Amino acid sequence: MMLSVKDTLSHRFGESGAGKTESTKLLLQHIMNLCKGNSQLEQQILQVNPLLEAFGNAQTVMNDNSSRFGKYIQLRFQNNTVRGAKLSEYLLEKSRVVRQDTGERNFHIFYYMFAGLSSEEKEMYGLLDPSLYRYISGRFGTEDVAQCWKQKYQEVCNALDMVGFQEQEQVDMQAILAGVLSLGNVTFEPEERNGSVKVSEASWGWLKAAAGQFGVQEDELLKCLICTMSVTRGEQIQRFHTQQQAEDARDSIAKVAYGRVFRWIVCKINELLAEKVDPEVELSEIGILDIFGFENFAVNRFEQLCINLANEQLQHFFNHLEQAAYKEEELPWETITFNNNEPILKLLLAKPLGLLSLLDEQSAFPQATDKTFVDKLNSSFKGNLHFQPGRGHVLGFSILHYAGKVQYSAGGFLEKNRDTLPATVRGLFINSVTPLLSVLFTGKSLCYATISRTGTLMPHVKAKVIPGADDKFNSTRKQSAAAQFRHSLMMLMERMYSANPHFVRCIKPNSQKEPGVVDSQVVLLQFTPFDNFLDPSAPRPVLGAEEQTGEEVKMRKCKRGATLRWFKETQAEKVMQDDGAFPSWLHGMISRREAENLLIDKPLGCFLVRISQSRPGYTLTYRGEGRCRHYMIQVQPNARYVILGEDRAHASLTQLVRYHQTVGIQPFMEILTVPCGQKSSESLDYEDLECLKLGPSEAKGEVPPEEQPSPSRPSTSRPGVQSGAAAVLRHVWFRRTKNSQKEESLDKTRIKPSSGKKIGSQRAFPRFHSSIRLAMQEIQQLSSTTLNNSAQSCCEALSIKDIEPK
């Protein structure tokens, strides 16, 4: 594969629903296939798209899977092998979190959670029936659609595991999303005494649920919603909100929380997929731009203006490239007519009198309104051929874009551009007991709350939190949404001009979102694993026959010892069965050749899993047709098990084996059949595990009381092996478990053993799990009481009607 230092492929041309995102996924798969590698990094890169689609895509009237953000994926190569990837995102449509137009939905992830979570998990996160939630408009879907969403949720969970997200991070993230939904159900009513507002009686349970899901105190969250605190001349002043201001604060918190979760996901992906090579080595690069297409809905808002501005800018860039190509090839390009959209770009981007500059100017005035902004546009652009004022009493304006006329509704322009956040919210979330929410608003670990000029979270820069900083953080001097988008668009264009771009035209076949249907009028309007062959008749190799120097032998022993310690300390209790024995397919630290010797006369599909001799990990050896295949099993930092080159992560080694006993291993789709229970002829099986240094009681062979033989205990399926290190490791495990019980006292509301798992395995829970559960019970009781009262009132009305004289 020949690559220039910087190549950019832009899936830019095409309406919403034309297939830009889908073709991006196909292109990524094609590039990874051309690399002909089998690295875990390539599989992780392929998992980025389904992950981002779940959190950044939504159903619109034009497209069931519309990208509500733009993304630029940079793939970096060395010697035609992918070495890393970096993702940039642009203009997430946060307003969709709190409102959707008719025929549209919220971001996919909310529906996936309702469909994919079990009843126990919904109770854990505090999720009730989806019809109750205002932010998803009470709409869900048919049973077939819900089944599809359930499958999508499983894909998202697998993608999170594959990329490397920790289990607790995933739990915290879903708790925050549940908190966003609960917050949307908090309503307000006037307070009779002082003219302020209070939370309605019917929604107190939702406030408590949101506080528990966010990991904050209920009264502190309430203060952020109904009042604003400020300091003037050293005196703290409390100003109560009107009902509209309280609702705006509620929606603002929901949008900011979701937006920062999305940016954190992007930041985390970049951290996990960063290239791990010498920074002085020059890498080749391919960039793929998948950005929203031109949009013209029945109602077009601030987001559509930014989207169409990006399309204007890219169209101008494309025209420039076409002219340069014609000149270079000496083609008569002057005779080709096209719409020069440079005047439209000046209308939108010029300083100080462009539309975005005027929007920022109005946003800086606290007393300015959407109407004063429209009046300013009408006076500034009077006579401009590409601008039309709104007709009648419509609060809006029209822009004559290169693709056609679009009428924009100006309602909400200033608020969205200011992107304000209640001043006390940042301090509240910084002190949240949910680590992820705290990370999103201050510097603690991977991603920090410092916002770059492009609007993304900037890693490795700690945000200084000082008294009074909250007011400055939310002041009008903070970069507006329009300014952030303008800067990110400028950076994108700099990348495009410095690269060798190629454009792909995506055609939308019909407007009904139907597969296999081409409407000609609509179309016209858009112009591997390592193999070893087996020979049963050939002499079997003798292990250890090769001459080795003393230094090599010493190094080999050190590696083996380190790997055995890794297995003892982190893996033994996870692999062990409920009866204390190891599975019959698990072998010790045997070599590749010895594994082949064990499988040479076994039936097709026979397999074993062995501990690696040189690295912390495993290898799956499989008896194929005339050969053995060896698949490396990688244990990821998030404790997930993945066969190198596979696109699925597993919570345990046992789950991995069970899965591939029904689903074939790529690329040959071979299915595991029976485990190899034969002990190694070279005594390299569990003997190695017995050589670990043991405590005094273990060296004497004493058995803890918990492990006295029991007649009712089933015997192991692997006779002759259990008496070795399996018993030793079981003793070690019980000793460690007893010590940990003495040394650690776990919060029962946060972590408890999950059902169906072995002793010692623990599951992540939201921090305020008990509070969430109590809030859900309060909501359900209130709903039940309301329903009963309604039914009683109805019955009383019927009784009165029955006794009335006719």
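1. Start at Leu91, which is found in the loop between strand E5 (81–90) and helix H3 (108–116). Its phi is near 50 degrees, a positive value in a residue other than glycine. Most residues other than glycine have a negative phi, and most peptide bonds are trans. The helices (H or I, at least four residues) and strands (E, at least two) here are DSSP runs, numbered from the N terminus.

2. A word on what you're looking at: this is a predicted model, where local features need pLDDT of at least 70, side-chain atom pairs count only at pLDDT 80 or more, and totals for chains, interfaces and linings use all residues. Residues are numbered from 1 along each chain as its sequence is written, and side-chain values use heavy atoms, with hydrogens and water left out.

3. Now the overall picture. The protein has 26 helices and 22 strands. Of its 806 residues, 50% are buried (under 20% relative accessible area; exposed is over 50%, partly exposed in between, with a 1.4 Å probe and protein chains only). The accessible surface comes to about 39,200 Å², and carbon and sulfur atoms account for 52% of that (Shrake-Rupley method, 1.4 Å probe).

4. Have a look at strand E17 (residues 607–611), where five of the five residues are buried.

5. On to the neighbours of E17. Strand E16 (residues 586–587) runs parallel to E17 and is joined to it by two bridges (strands pair if DSSP finds at least two bridges between them). His587 has Arg610 as its bridge partner in E17. Between E16 and E17 the chain passes through helix H21 (residues 592–599), and this β-α-β crossover is right-handed (with the strands pointing away from the viewer, the path from the first strand over the helix to the second runs clockwise).

6. Strand E18 (residues 618–623) pairs with E17 too, in the antiparallel sense and over five bridges. The two form a hairpin with six residues between them. Arg610 turns up again here, standing opposite Thr619 in E18.

7. Lys351 and Pro352 are joined by a cis peptide bond, with omega about 5 degrees; Pro352 is in the loop between helix H11 (342–349) and helix H12 (355–363). Ala639 has a positive phi, near 65 degrees, and lies in the loop between strand E19 (627–635) and strand E20 (641–643). Ala639 is partly exposed, at 28% relative accessible area.
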